[in-house]
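Q: Please take a close look at one part of this structure, the contact between the chains. Then go through the side-chain pairs, in one connected account.

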2 protein chains.
Amino acid sequence: MLKTKMDETPGKRGPRGARGDVAAAIVSAARTQFSAHGYSGTTLSAIAAAAKVDPALIAYYFKNKRGLLEVCLEPPSGLAENVVASSGSPIESRGRALLETMLRQWENPEFAEVFRSIILIAAQEEIAMKRLRGMFASVILGGMAAGLDEDARELRAGLVSSQIIGVAMARYVWKLEPMASLSPGQVVDYISPTLQRYVDGNF
Amino acid sequence: MLKTKMDETPGKRGPRGARGDVAAAIVSAARTQFSAHGYSGTTLSAIAAAAKVDPALIAYYFKNKRGLLEVCLEPPSGLAENVVASSGSPIESRGRALLETMLRQWENPEFAEVFRSIILIAAQEEIAMKRLRGMFASVILGGMAAGLDEDARELRAGLVSSQIIGVAMARYVWKLEPMASLSPGQVVDYISPTLQRYVDGNF
């Protein structure tokens, strides 16, 4: 979904094999470094050292720091596609379908860590915030789209986002109790009616 | 509400006068430094330099870095009291009362900046996260308390928190549109029914 160096050169980074492993190690190290020290406070050589790779490999895979940042802000593969697929569910249960899709991703601890790093980086860097804003808006809007009146679609997507972001923050980032300990099914039961009201309720 | 060095020595920092100004300058500089570099990545001398004060003054006002962190995580004065006062409103409109109280605080740009720094610091430091968690839980729980059955009170407060945190993130931290541009009255109209369902709805 994001246009990056990697999108322009498909096949350069494979999901498997030595190349994919190196790129993944760089991204993982970069997320940690950007989260801890901010974008401007992080150098490519510090990322290379943390990833235990030659700094030249960062340039090879990601072109520059900006290119690497964009990849760090990318959601785990499949998220956007899965969320957008929720828009295929009947409108009267779309709130629940959206939430179930998001929860399936978040319950993966690796994703939760990525989500946390994205929030941190975005809160520190306007450049990252803009990227995240666009991504979030298009994912949620994509997940809600079909069958909604054009006028209210963005407002409805914004309201849905406000509840979804809050659940993610409370449960996975802040780990507020009892939100953190509810089963995924309980979260869906308690929160879905809210999302459904935002999707097709009368305001 | 937080127990800090300052609570133990009331009067040491006044809201007005040279002493209060110096302490406020230190806290403001510390919030910026902690947000940008994390708790462990920030030194007292860097904070002193940013605040343009002698490092000895930090020890004088805040004892140590931990003491200063705790003050940085404190919500702006009056927030807790105002939110808890919402619990005095009739239960059938308590969702709206809570949200109106929170929005009044957030619409102050200074508070929005403090809120952003608290989120950042907390996301980076477990110590800060714990503090924030306790504070948030007690403030929201305090604002919801009266007239609710004991059993569901914490769950209801957690659900309320999940929506309130999400509105704050979407509107004031991420500035997602159209959430960021709604009038406070529109936010109250769209979101209050959700909060009210969490306060007294049937699950």
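A: Contact here means heavy atoms within 4.5 Å. The model is a predicted one. Under that cut-off, 39 residues of chain A and 39 residues of chain B take part in the contact. The size of an interface is often given as the accessible area lost when the parts come together. For chain A and chain B, the buried area is about 3500 Å², and 70% of it lies on carbon and sulfur atoms. As for charge pairing across the contact, the count of salt bridges between chain A and chain B is 0.

The arrangement of the copies comes next.

Now the salt bridges. Side chains of opposite charge can pair when their charged atoms come close. Over all chains, the structure holds 8 salt bridges. One of them joins A:E107 to A:R171, with the closest N and O atoms 2.8 Å apart. This pair links distant parts of chain A: A:E107 sits in the loop between α7 (94-106) and α8 (109-124), and A:R171 sits in helix α10 (residues 150-173), 64 residues apart. A:E107 is partly exposed at 36% relative accessible area. A:R171, by contrast, is buried at 5%, given that the limit for buried is under 20%.

Chain B has a salt bridge between B:R96 and B:E100, at 3.8 Å from N to O. These residues are separated by about one helical turn, because they are 4 residues apart in helix α7 (residues 94-106) of chain B. B:R96 is partly exposed, with 34% relative accessible area, and B:E100 is partly exposed at 33%.

Another salt bridge in chain B is formed by the side chains of B:E107 and B:R171, at 2.8 Å from N to O. B:E107 is in the loop between α7 and α8 (109-124) of chain B and B:R171 is in helix α10 (residues 150-173) of chain B, so the pair ties together parts 64 residues apart in sequence. B:E107 counts as partly exposed at 36% relative accessibility, while B:R171 counts as buried at 5%. In chain A, salt bridges with shared partners join A:R96, A:E100 and A:D189 into one network.

The aromatic side chains also form pairs. Over all chains the count is 6 aromatic pairs. Among them is the pair of B:Y60 and B:Y61, which is edge-to-face, with 5.1 Å from centre to centre and 70° between the planes. B:Y60 is partly exposed at 36% relative accessibility, whereas B:Y61 is buried at 5%. The rings of B:W106 and B:Y172 have centres 5.5 Å apart; the pair is tilted because the planes are at 40°, between the limits of 30 and 60 degrees. B:W106 belongs to helix α7 of chain B and B:Y172 to helix α10 of chain B, so this pair ties together parts that are 66 residues apart in sequence. B:W106 is buried at 3% relative accessible area, and B:Y172 is buried at 10%. In chain A, ring pairs link A:Y60, A:Y61 and A:F62 into a cluster.

Key:
Residues are numbered from 1 along each chain as its sequence is written. Chains are lettered from A and ligands numbered from 1 in the order in which they are written. This is a predicted model: local features need pLDDT of at least 70, side-chain atom pairs count only at pLDDT 80 or more; totals for chains, interfaces and linings use all residues. Side-chain values use heavy atoms; hydrogens and water are left out. A salt bridge is a side-chain nitrogen of Lys or Arg within 4 Å of a carboxyl oxygen of Asp or Glu. Helices (H or I, at least four residues) and strands (E, at least two) are DSSP runs, numbered from the N terminus. Buried means under 20% relative accessible area, exposed over 50%, partly exposed in between (1.4 Å probe, protein chains only). Rings of Phe, Tyr and Trp (its six-membered ring) pair if their centres lie within 6.5 Å; planes under 30 degrees apart count as stacked, over 60 as edge-to-face and the rest as tilted. Buried area is the accessible area (1.4 Å probe) that two parts lose on being put together, summed over both.
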